[in-house]
Amino acid sequence: MHEKVFILDFGSQTCQLIARRVRELNVFCEIIPHDTSVSDINVENLKAVILSGGPASVLDDDSPGIDENWLKLNLPVLGICYGMQLITKVLGGQVKRHRQGREYGPAVLEVDNPDELFAGLDRRLDVWMSHGDLVEVPPPGFEILAHTDDCRVAAIGNVEAKLFGVQFHPEVVHTPKGKDILANFLFRIAGCKGDWLMTDFINEQVSSIRERVGKDKVICGLSGGVDSSVTAAIINRAVGDQMVAVFVDNGLLRTGEVEQIREFFSKDYPLNLTIVDARREFLDALKGLTDPEQKRKAIGKTFIDIFRREAKKIGNVKYLAQGTLYPDVIESRSARGGPSVTIKSHHNVGGWPGELEFELIEPLRELFKDEVRQLGKELGLPEKLLNRQPFPGPGLAVRIIGEVNEQRLDILRQADAIVREEMENWPGYEGIWQSFAVLLPVKSVGVMGDERTYANTVVVRAVTSTDGMTADWARLPHDLLARISSRIINEVVGINRVVYDISSKPPSTIEWE
């Protein structure tokens with residue numbers, strides 16, 4: 001039986017990043033609600049507990065709490081941000097509001113005690129802060145392990161009780177040595193061995209799906225992207241032709257998408273495949289809609305209507321499988337009932353109607369994109385599919401700001417095809433997470449051929465990332481941007497201005513809607 005770590009979820013948007021870092025270190029972990037009672041959980045083989053961050057303040061009367069017995073199990077506990085403040089409050093320390101209201105962004109950590117959490121690391125570390133409260137006085141028995149210029153108590157520890165806390169976020173990429181800090185906690189302090197591998201995940205999912213499905217049938221919503229393709233491969237391994245992969249041509253796809261999907265899943269990686277032409281249905285559903293949430297929900301409902309119709313044709317379909325990833329879940333609604341806030345409803349999470357009529361199978365629901373690619377390699381999927389850039393399920397509908405119609409889709413398809421071609425020909429393409437065009441509902445004056453124009457604006461968006469939860473805008477060469485801009489303006493009728501998006505996630509999201 002695997003050793004395991006529990007992560008108590010207090011609503012942090014990066015809670016699953018903690019789990020991801022732990023799994024990268026080959027330690028099995030589970031995220032559980034913050035108010036889970038110790039008496040209601042199996043603590044066999046439990047090696048440590050991590051308390052996540054969260055948007056609330058421990059100073060508020062209705063702030064998320066904890067069963068204090070978690071701190072009395074004689075197991076190592078690490079509190080991150082809100083988790084550290086909660087440990088402080090529960091064990092008799094003092095927490096106060098930040099004097100400037102909030103500290104958000106990079107900071108330099110000065111390590112006061114180089115043992116335990118910071119063993120083997122430099123005495124000065126770059127870290128990422130995101131908090132509105134501060135620990136003023138650590139609890140009795142705790143010492144200050146590190147500080148920054150703006151945060152006198154940036155890390156605390158009670159070595160004898162194996163209780164620790166950090167005010168910064170070691171789970172995000174903006175804390176370069178964060179994974180090493182977590183490794184110190186897991187291996188040096190908690191004594192973990194690291195006995196969980198991706199092959200275990202595959203075997204567990206295949207066994208679970210096979211047992212759950214029995215002799216029933218499964219519809220798998222196939223988009224041709226990495227997520228849905230890996231989902232289809234897992235389910236195909238589990239139940240074979242009991243799964244029908246349904247690819248819906250929703251009219252919101254990029255140039256040549258349908259032909260590529262038909263070719264790939266008929267010849268390169270054969271599946272029990274059905275292609276449904278539903279272009280008219282989606283455009284009708286989106287008519288007049290400009291609000292992004294309404295658009296996503298309309299798309300989700302239309303997908304379900306089509307899946308219901310296809311299920312009746314197939315017969316005996318009980319399950320709907322889809323390639324939902326954790327970034328979709330955490331942006332759409334609170335994970336596992338935690339108190340996090342909704343960023344946007346993804347068509348395959350918050351966009352589904354209440355009465356689904358199917359039971360969902362989502363084997364990738366708690367994985368990140370790079371983990372899914374690793375999983376795909378283990379399943380034997382080819383590199384050309386696994387290395388495709390992410391493409392949103394709602395397609396170009398969330399890259400057209402405002403109403404979606406055939407004319408605007410045609411403009412965006414042409415612009416997007418140019419961006420894709422130029423990016424794929426650029427030597428640095430493999431280092432880009434996503435690159436695409438966005439059509440704005442903004443027109444501006446231009447001059448083309450000595451004539452005045454009043455035409456549309458396109459945004460070019462390119463980002464670097466490892467997991468999709470955080471991303472930085474890509475510093476593309478000026479000559480590449482110049483070629484993209486020149487080609488779009490000259491080749492796409494209806495566009496006379498191209499701009500480049502230089503915002504990162506957070507505070508922005510990768511997609512505009």
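Predicted model: local features only at pLDDT ≥ 70, side-chain atom pairs only at ≥ 80, totals over all residues.
Residues are numbered from 1 along each chain as its sequence is written, and side-chain values use heavy atoms, with hydrogens and water left out.

**View 1. An open sheet of nine strands with mixed pairing.** The strand order is β2-β1-β3-β4-β11-β10-β9-β6-β7. Strands here are DSSP runs of E with at least two residues, helices are runs of H or I with at least four, and both are numbered from the N terminus. Two strands pair if DSSP finds at least two bridges between them. At the edges stand β2 (28-33) and β7, each with a single partner strand, so one side of each has no neighbour in the sheet. On average, neighbouring strands are turned by 25° against each other, direction ignored.

View 2. Look for Leu109, which stands opposite Leu125 in β7. Towards β9, Glu110 has His147 as its bridge partner.

**View 3. Helix α1 on the sheet.** Strands β3 and β4 pair in the parallel sense over three bridges, and Leu51 has Gly79 in β4 as its bridge partner. Helix α1 (residues 15-24) packs on the sheet and touches β1, β2, β3 and β4, where contact means heavy atoms within 4.5 Å. The direction of α1 makes about 160° with that of β2; axes are lines fitted to C-alpha atoms, for helices over the stretch in contact, and angles run from 0 to 180 degrees between N-to-C directions.

**View 4. Aromatic pairs.** A search of the whole structure finds nine of them. Rings of Phe, Tyr and Trp (its six-membered ring) pair if their centres lie within 6.5 Å; planes under 30 degrees apart count as stacked, over 60 as edge-to-face and the rest as tilted. Phe6 and Trp70 are edge-to-face, because their centres are 6.1 Å apart and their planes at 90°. This pair links distant parts of the chain, 64 residues apart: Phe6 is in strand β1 (residues 4-9), Trp70 in the loop between β3 (46-51) and β4 (77-80). Phe303 and Phe307 are stacked, at 6.0 Å centre to centre with 20° between the planes. Both lie in helix α8, four residues apart, about one turn of the helix. Phe307 has a relative accessible area of 5% and is buried (buried means under 20% relative accessible area, exposed over 50%, partly exposed in between; 1.4 Å probe, protein chains only).

**View 5. The largest nonpolar core, with 45 residues.** Such a core is a set of buried Ala, Val, Leu, Ile, Met, Phe, Trp, Tyr and Cys residues joined through side-chain atoms within 4.5 Å. Val248, Leu252, Phe282, Phe307, Val404 and Ile488 have the most contacts inside this core. Among the elements giving two or more residues to this core are β13 (243-249), α8 (292-314) and α13 (478-491). Not counting residues up to four places away in sequence, Ile488 touches Ala415, Ile418, Val419, Val458, Ile495 and Val498. A second, separate core has 41 residues, including Cys29 and Leu117.
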